[in-house]
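Thanks for coming. Please look at it for a moment before I start.

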Amino acid sequence: MTPKESATLDRPERDVGGYTAPTASGPPPAGEVTYDDAAAAPMNNDADQPGGLGCGPGGRALPVVEASQIDIAATQGDGVGCHAGADAMRAAAREAGKSEVLDRYAADYPRGAHDQPQSMCPAFGSLRVGLRMRRTATILSGSACCVYGLTFTSHFYGARRTVGYVPFNSETLVTGKLFEDIRDAVHQVADPAQYDAVVVTNLCVPTASGVPLQILPKEINGVRIIGIDVPGFGVPTHAEAKDVLAGAMLRYARLEAEQGPVLAPRGGRAQKPTVTLVGEMFPADPVGIGMLLDGLGLAAGPVVPTREWRELYAALDCVGAAAIHPFYTASFREFEAAGRPIVGSAPVGHDGTEGWLERIGQMAGVSRAQIDATKNRVLPAIRGALAAKPIRGRITLSGYEGSELLVARLLVESGADVRYVGTACPRTPYSEADREWLAARGVHVQYRASLEQDVAAMDEWKPDLAIGTTPVVQKAKERAIPGLYFTNLISARPLMGPAGAGSLAMVINTAIENRRRFDEMKAFFGDTGSGHAAGVWEDTPVDRPEFREHYKRHLAKLARQRKAEEMV
Ligand code: SF4
């Protein structure tokens with residue numbers, strides 16, 4: 001039975017807040033409603049919740065969500081979620097007991113020029129991490145439209161995995177029954193024959209309403225239960241949402257490892273000390289990095305986010321972590337808690353590889369001679385590859401993957417005239433070496449860049465090529481500037497070590513050469529189809545500036561109204 005089915009079954013009425021959990025020792029008291037026996041399963045975290053489910057004689061009920069804890073007001077009407085009303089949602093979430101998690105997110109993922117996601121729903125990041133893991137079930141709790149969008153996108157990207165959904169309405173939200181539905185769904189899904197872990201995600205509305213995933217059982221029959229809040233008003237980008245789940249899983253695995261023996265990696269423990277690689281990257285990159293590390297007497301460990309639960313233990317069992325993507329703040333916290341040092345930047349281009357080998361070697365206590373020998377073997381090959389495939393032209397670059405600074409370094413070393421790098425991710429200590437290197441070469445680095453900043457940079461520098469997000473590329477093409485999508489065309493290539501050097505040249509040079517075609521098209525079409533004439537017309541389009549004025553006034557009035565309502 002799917003979570004959705006489980007959550008929509010007809011069930012007897014119950015008193016609000018009157019649910020009492022069954023105990024393992026006997027039948028439930030009269031008048032109690034139970035759904036199945038799964039709720040009697042003993043939990044590993046019974047100690048955390050004295051008297052919680054399965055705790056035996058003398059136990060008290062699992063903490064019940066009081067109706068008063070749920071603040072539904074902020075979830076009503078217009079202004080729900082990512083398109084408006086983030087402040088109201090944030091205030092509601094705080095009132096409903098989510099202050100701790102929001103404070104942690106605010107510290108881990110500081111906001112920037114804009115306080116709303118300007119790309120896809122952030123929860124897509126954590127959803128994708130869960131869907132890529134073996135033996136991991138995924139359950140979403142959120143508005144149907146959000147879940148539709150998220151499942152659509154995940155299947156568009158080839159997830160081919162079931163996404164569980166626990167729907168809600170105003171009543172189940174306000175009475176706390178949504179939490180019980182989620183708990184029932186988790187009990188039904190948590191089959192140890194199929195799963196190592198079940199990930200439950202609160203989207204915007206359940207987070208704002210305070211649905212308390214933190215009091216879900218931590219484990220059911222050996223299946224770990226991971227509950228996370230990933231609201232658009234608390235997690236700025238989908239990149240950082242990956243860290244929310246990766247960090248939660250690492251924390252769980254670290255605590256397990258501290259309690260006793262855990263599963264070894266599928267292929268057995270590595271013979272050499274390993275370096276864990278943090279950040280999703282092109283599949284060939286970990287192999288290339290492994291070859292670099294081999295010279296230092298080290299090996300590449302798992303890539304975080306991992307593809308399997310047992311890899312989490314191996315990831316923590318490292319000599320140190322390489323922050324290939326610098327925004328995994330919660331994950332880095334777990335490595336630090338495990339006593340593992342972290343090295344920033346990545347082996348990109350000549351200088352990047354040189355610096356990275358040096359820092360990794362020092363971190364792992366590799367001898368001076370061995371570090372130098374590795375550099376002497378690798379660096380000439382990288383220099384040769386860069387020289388063999390030069391890039392000529394001015395480029396502005398922006399994206400939300402977290403690897404933007406690394407790509408910019410590679411472009412600069414290939415000969416490109418890079419003027420601007422915008423990243424939706426925040427500034428952290430682990431991209432500092434890249435920022436300094438780029439700044440020293442006159443490249444402006446904009447953290448937490450907004451779409452407006454990316455477009456302004458393009459307008460200022462008039463590049464031969466704009467690499468960016470979908471709206472940036474769209475605006476570049478409108479201006480007859482060749483554009484390439486960062487996510488699909490740039491970050492989906494090897495970047496590291498000798499294989500990465502020169503890997504971008506062909507696609508970039510081809511795009512720059514297309515400038516001539518853009519100019520020809522622009523000369524042919526002129527202003528046709530732009531401005532007021534955009535779209536499909538049967539008659540000659542007529543400009544109606546008075547309509548625009550009217551609509552502008554209408555929007556201003558709505559904004560004033562909303563402001564006044566917020567002040568009441
Ligand atoms: S869950 Fe995602 S899509 Fe839904 S309102 Fe929040 S940010 Fe928007």
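The largest nonpolar core has 145 residues, and those with the most contacts inside it are Val186, Val198, Ala323 and Leu411. The largest share of this core comes from helix α8, residues 238-259, which supplies eight residues. Before going further: this is a predicted model.

Leaving out residues up to four places away in sequence, Val186 touches Ile139, Val198, Val200, Leu216, Ile220 and Ile225.

Now the overall picture. The protein has 568 residues, and 47% of them are buried. It contains 22 helices and 14 strands. Of the contacts between residues at least 6 apart in sequence, 72% join residues at least 24 apart.

Next, strand β3, residues 197-202. How many of its six residues are buried? Six of the six are, so β3 is largely enclosed by the rest of the structure. Both faces are covered: Ala197, Val199 and Thr201 are buried on one side, and Val198, Val200 and Asn202 on the other. β3 also has strands to pair with. Strand β1, residues 136-141, runs parallel to β3 and is joined to it by six bridges; in this pairing Ser141 stands opposite Asn202. Strand β5, residues 223-229, likewise pairs with β3 in the parallel sense over six bridges, and here Thr201 stands opposite Ile228.

On to a sheet of four strands. Its order is β7-β6-β8-β9, it is open, and the pairing is parallel. Thr276 stands opposite Ala321 of β8.

Helix α9, residues 284-295, belongs in this part of the talk. Its buried residues are Asp285, Gly288, Ile289, Leu292 and Leu293. Seen down the axis of α9, these fall within an arc of 140 degrees, so they line one face of the helix. What do they pack against? The partners are β6, β7, α12 (349-363), α13 (368-388) and α19 (497-500). After α9 comes Gly297, with a positive phi near 75 degrees.

The other sheet I want to show has five strands. It is open as well, in the order β12-β11-β10-β13-β14, with parallel pairing. Its edge strands are β12 (444-446) and β14 (483-485); each has a single partner strand, so one side of each is left without a neighbour in the sheet. On average, and ignoring direction, neighbouring strands in this sheet are turned by 15 degrees against each other. Strand β10 (residues 394-399) pairs with strand β13 (residues 465-468) in the parallel sense over three bridges, and Ile395 has Leu465 in β13 as its bridge partner. Helix α16, residues 451-461, packs on this sheet and touches β10, β11 (417-423), β12 and β13. The direction of α16 makes about 170 degrees with that of β11.

Some backbone details now. As background, most residues other than glycine have a negative phi, and most peptide bonds are trans. There are exceptions to show you. The peptide bond from Val304 to Pro305 is cis, with omega near 5 degrees. Pro305 is in the loop between β7 and α10 (309-316).

Then two arginines. Arg160 has a phi near 50 degrees, a positive value in a residue other than glycine; this arginine lies in the loop between α4 (144-156) and β2 (164-165). Arg448 has a positive phi too, of about 45 degrees, and its place is in the loop between β12 and α16. Are these arginines exposed or partly exposed? Arg160 has 8 other C-beta atoms within 10 Å and is exposed. Arg448 has 19 other C-beta atoms within 10 Å and is partly exposed.

Last, helix α21, residues 515-525. Of its 11 residues, the number buried is zero, and the helix is hardly covered. Gly526 follows α21 and has a positive phi, near 60 degrees.

That is what I had to show.

Technical notes: Residues numbered from 1 in each chain as written. Predicted model: local features only at pLDDT ≥ 70, side-chain atom pairs only at ≥ 80, totals over all residues. Buried ≥ 20, exposed ≤ 12 C-beta atoms within 10 Å, placed from the backbone. Contact = placed C-beta atoms within 7 Å. Core = buried A, V, L, I, M, F, W, Y, C linked by C-beta atoms within 7 Å. Pairing = 2+ DSSP bridges. Axes fitted to C-alpha atoms, helices over the stretch in contact; angles between N-to-C directions. Arc of directions from axis to C-beta.
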